[in-house]
Amino acid sequence: MAYDDDFDGSGDRREGGAFRPMLRQGKRFSQEAAHRPILVFEDVFKSYRAGRPVLRGANLVIERGEFAFVTGPSGAGKSTLLRMLYRAENADEGRILFMGKDIARLKDDSIPFLRRNIGVVFQQFKLVENWSVFENVAVTLEVLRLPEKLVRTRVGEALERVGLSGRGEEPARVLSGGEQQRVAIARAIVGEPALILADEPTGNLDPQLAIDILGLFEEIHEQGTTVLFATHDRTLLEQRPHRIIVLDEGKITDVRRGLVTEDGNFLSAPLH
Ligand SMILES: Nc1ncnc2c1ncn2[C@@H]1O[C@H](COP(=O)(O)OP(=O)(O)O)[C@@H](O)[C@H]1O
Ligand SMILES: [Mg+2]
């Protein structure tokens, strides 16, 4: 079944509160799944080398619809934390639950389903430079085997959401850095994942472009997607009062209401 792509049937492709019937054919929306946190880390340990743990007992709950920054000094484990979510890395101990499912226990044939429910954006946009903008975005939908006309519509919508309407035929290489990152964001959202992971997505961009890209993720979040945005750029953390997950020395500190106080001042936060 080409449309049967929701690995736990929880109906995560929300848009304005309604579920898109296009991808939900024959599926029942599970109330129970919708009320579970989208992500839970339970005592997660991870090290690449003996005696040098990256995560030393990480506990974390992310609710559906949250926007959270992930921060901490270089080497603190931000990328590792994100990579474990789409199973590019495995935890050594502890559990990571995505929509209530233990990621480590997903069978191999469920991994594509996991990855379809998680969109990822990297610092190095990772576009295929000789492909058109359209092809770079459409690639996400290939595995869904949607009819061509539907792919065109969906890619067009995604490009519109990132401000690149009408640019589909251009080769990716002629776009500016900021525009290329927008293409990468369109590629991440076109499959309507429940969760978007952004790993230093503004690391290669000028300060003003970085703020624009942050704004774009915020718009995506406002339309119902959960966003985890890893950055060590304090200027971005100070932009808006989102929750901040601080990684340091293998532990997590949770700054619930961001760095901006109600009177517009900045907290001096437990950041590096
Ligand atoms: N594939 C890997 N093999 C060995 N060590 C790694 C690997 N990936 C990351 N590390 C190490 O794990 C630590 C955390 O890295 P990373 O998650 O990339 O941190 P951050 O994204 O916060 O900069 C660093 O000390 C890094 O050198
Ligand atoms: Mg990193």
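Residues are numbered from 1 along each chain as its sequence is written, while chains are lettered from A and ligands numbered from 1 in the order in which they are written. Because the model is predicted, local features need pLDDT of at least 70 and side-chain atom pairs count only at pLDDT 80 or more, whereas totals for chains, interfaces and linings use all residues.

Strands β3 (residues 39-49) and β4 (residues 52-62) run antiparallel and are joined by eight bridges; two strands pair if DSSP finds at least two bridges between them. The two strands form a hairpin with two residues between them, and G51 in the turn has a positive phi of about 80°.

Helix α2 (residues 78-85) is mostly covered, with six of its eight residues buried, namely K78, S79, L81, L82, M84 and L85. A residue is buried if 20 or more other C-beta atoms, placed from the backbone, lie within 10 Å of its own, exposed if 12 or fewer, and partly exposed in between. R87, which follows α2, has a positive phi near 65°.

The shell around ligand 1 consists of Y48, V54, G72, S74, G75, A76, G77, K78, S79 and T80, where a residue is near a molecule if its C-beta atom, placed from the backbone, lies within 6 Å of it. Helix α2 gives the most to this shell, with three residues. By class, the shell holds three nonpolar, six polar and one charged residue. Ala, Val, Leu, Ile, Met, Phe, Trp, Tyr, Cys and Pro count as nonpolar, Asp, Glu, Lys and Arg as charged, and the others, Gly among them, as polar.

Helices α4 (residues 133-142) and α6 (residues 177-189) pack at an angle of about 30°, with their axes 7 Å apart. Therefore α4 is roughly parallel to α6 (angles under 35 degrees).

Conventions. Helix = DSSP H or I, 4+ residues; strand = E, 2+ residues; numbered from the N terminus. Axes fitted to C-alpha atoms, helices over the stretch in contact; angles between N-to-C directions. Parallel < 35°, antiparallel > 145°, perpendicular 65-115°, else oblique.
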